[in-house]
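Take a look at the model below. The text then goes from the whole chain to the pairing of the copies, and ends at single residues.

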Protein chains: 2
Amino acid sequence: MPDTIPADSIGLVTPQTHHFSQPLELACGKTLGEYSLVYETYGTLNSSASNAILICHALSGDQHAAGYNSMDDRKPGWWESAIGPGKPIDTDRFFVVCSNNLGGCKGSTGPTTTNPETGRPYGPDFPIVTVEDWVNSQARLGDVLGIERWSAVIGGSLGGMQVLQWAIDYPERISHAIVIAAAPKLSAQNIAFNEVARQAIMSDPDFYDGDYYSHDTVPRRGLMLARMLGHITYLSDDSMRAKFGRELREGQINYGFDVEFQVESYLRYQGRSFVDRFDANTYLLMTKALDYYDPASEHNDNLAAALAMVTAKFMVIAFTSDWRFSPERSREIVRALLDGNKQVSYAEIEAHHGHDAFLVPIKPYMDIFHAYMERIIKEVAQS
Amino acid sequence: MPDTIPADSIGLVTPQTHHFSQPLELACGKTLGEYSLVYETYGTLNSSASNAILICHALSGDQHAAGYNSMDDRKPGWWESAIGPGKPIDTDRFFVVCSNNLGGCKGSTGPTTTNPETGRPYGPDFPIVTVEDWVNSQARLGDVLGIERWSAVIGGSLGGMQVLQWAIDYPERISHAIVIAAAPKLSAQNIAFNEVARQAIMSDPDFYDGDYYSHDTVPRRGLMLARMLGHITYLSDDSMRAKFGRELREGQINYGFDVEFQVESYLRYQGRSFVDRFDANTYLLMTKALDYYDPASEHNDNLAAALAMVTAKFMVIAFTSDWRFSPERSREIVRALLDGNKQVSYAEIEAHHGHDAFLVPIKPYMDIFHAYMERIIKEVAQS
């Protein structure tokens, strides 16, 4: 619980929900007849609706990007480092929107939602959703909020893929695309890690083919393993060394299988606490959306061709120690944009935090991010 | 089944077993009252017993390093690429010995062995064994075979750690130490991967606290996950890209959770086939031996001090794309040896195969390996 809300926090925020009764056709061929999106907004939409920013969340993120939902919250939203008064995404200037993706487990329609056709949770029957589907649903949320054009769409990791897809699918509705710690598609190694995570969940006897809800259980073991594994890929070898080294929790080797090294203790804690706040079917869906994303695939693997209709100005940011989506993967995006004579800025930030760096207020990163956002503020003022 | 044995193979070999009735004190404080080691030998020991080579195996390896145990074998031993007539470890010149490590599951005393005190498999009661313990047991095997001094002790990965420990513990019994794709200790990230693998096994409901033998089952799911995860760390991102790319098994996305990408199919196959040939308790023991290994820890983290008494000449080999034990980790060993004015050769081989490169007959690697072994042959001839 924060004793007092920090001055640079947006403070207390309340999630809102919009119910969409117009069906949404999905990439998989199925249709969601109706659905809800839960979202938060920070700041105030100006009279011309020209200062709106959409934040897209990553695998385990949600609509709660900044501030506190209650004074009992132990921690603020997941991107508190970047969103708030005076921060790069300045809530004194911008109207910021962040929604929980379809298939999520924090209030938007997903596997834990009651399927109106059966009266029971969707569970494994929830359709596979893609980055493209998310972008379409976010566009409809923009309609509801009266936002014809986002001054920027911003996201890290899987969120960055949504930003890229926004620029492709809705060029007339996005002025700036800020893509952080992302990639234009997963590598075989990325898919492999996702597959191990999925197998961990799906082979857990408590998974019950995804219908664990009706067995009054959750695949704890599998989801915990998936999260532990994820965490290894979010941190760099260096940051793990700096954080844990080979420190022994009790100062000596015990020659047993209980926790001995600090890093083991950290991973088990991360795994356990994740299980209490996340749904296993949602985790599976998010990893599939990651695996499938590959906008160049419909253009003979030519990313520049996939980006041909893009009009948004891009800011691409990568982190040196990120081995999940290395700078080389960001450079693929930058090169494709340059090949198409698009406007793009690129920053490669020296950071030892690995993939997680995009959530960390590293000064050069925040400075560059801030400077780019200042440019957008000026454009908004002149519009 | 090989229709004919290839000319450069040692051919059919038969594993042998030696039973040791003299107790072995282990690093963990426990004592094995008696134990067996299964081993294979290739080539002929010369009259002065000066041409003997010890091969130390890695995590999932065993005594069957080369040749075929029967004409029904689908594949030869795990290091067939390097051991055989005319190969770097030339069985026309050397007498080569490889034993299954204590705690193993291929015939040496381990968790699957009957505990003489209870009449049931050791299972989880098998003591934790360390690299030091293995080296001590291998030294006793040398005694049995009449080998006072190995012309070389050779190993990759965890096997390389045993080589390093041989040079530390038995300087008078080892002329050359060949350490390939190894590290002087695990990093926090290495330990983290091991921990996820262990948790996968230990959280499998079929693990029964390690006593699955008496429940007539094995923790298949957990061991399969551990192996899948291991495989990702054995390959490089590049080699996975080259091997699988984002190839779809059926040429199209199916929007489901069955195997879609080739890399998923490969990992599941690797996981499944491993379960049929390996014991989960052994896997746990091997990962613990890896985690614990840290010869510098008793010397204020000064590896050069740990190596102070070393007299063996070293050959250290690393592979550029190995991210499990990167070249930087090999260079730590080389620097420590140089700091102590030891004799050391070092080769960093350009290879895209990742950690697995040490098992692959990459030409520059084999050439350098061969050249170094030729030097040993000359020394043996002059002795």
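Accessible areas come from the Shrake-Rupley method with a 1.4 Å probe, and for residues only the protein chains shown count as cover. On that basis chain A exposes about 14400 Å². Carbon and sulfur atoms supply 47% of this area.

This is a predicted model, in which local features need pLDDT of at least 70, side-chain atom pairs count only at pLDDT 80 or more, and totals for chains, interfaces and linings use all residues. Residues are numbered from 1 along each chain as its sequence is written, chains are lettered from A and ligands numbered from 1 in the order in which they are written, and side-chain values use heavy atoms, with hydrogens and water left out.

Start with the fold of chain A. It has 10 helices and 12 strands. These are DSSP runs numbered from the N terminus: helices are H or I with at least four residues, strands E with at least two. The radius of gyration of chain A is 21 Å, close to the 21 Å that the globule rule gives for 383 residues, so the chain is as compact as a globular protein of that length. The radius is taken over C-alpha atoms, and the rule is 2.2 Å times the number of residues to the power 0.38. Along its principal axes, the C-alpha trace of chain A spans about 65 × 50 × 50 Å.

Now the interior. Of the 383 residues in chain A, 62% are buried. Buried means under 20% relative accessible area, exposed over 50%, and partly exposed in between (1.4 Å probe, protein chains only).

Next, the pairing. Chain A can be laid on chain B with an RMSD of 0.0 Å by a turn of 180° and a shift of 0.0 Å along the axis. The two copies are thus related as by a two-fold rotation axis. The superposition is by least squares on the C-alpha atoms of residues with pLDDT of at least 70 in both copies. In chain A, 100% of the interface residues are also interface residues in chain B, so the copies meet through the same surface.

A:Ile253 lies in the loop between α5 (237–243) and α6 (262–275) of chain A. It is partly exposed, at 27% relative accessible area. Beyond its neighbours within four places in sequence, A:Ile253 is in contact (heavy atoms within 4.5 Å) with A:Leu248, A:Glu260 and B:Tyr292.

Finally, B:Ser157 sits in the loop between β9 (150–156) and α2 (158–169) of chain B. Its phi is near 60°, a positive value in a residue other than glycine. B:Ser157 is buried, at 7% relative accessibility.
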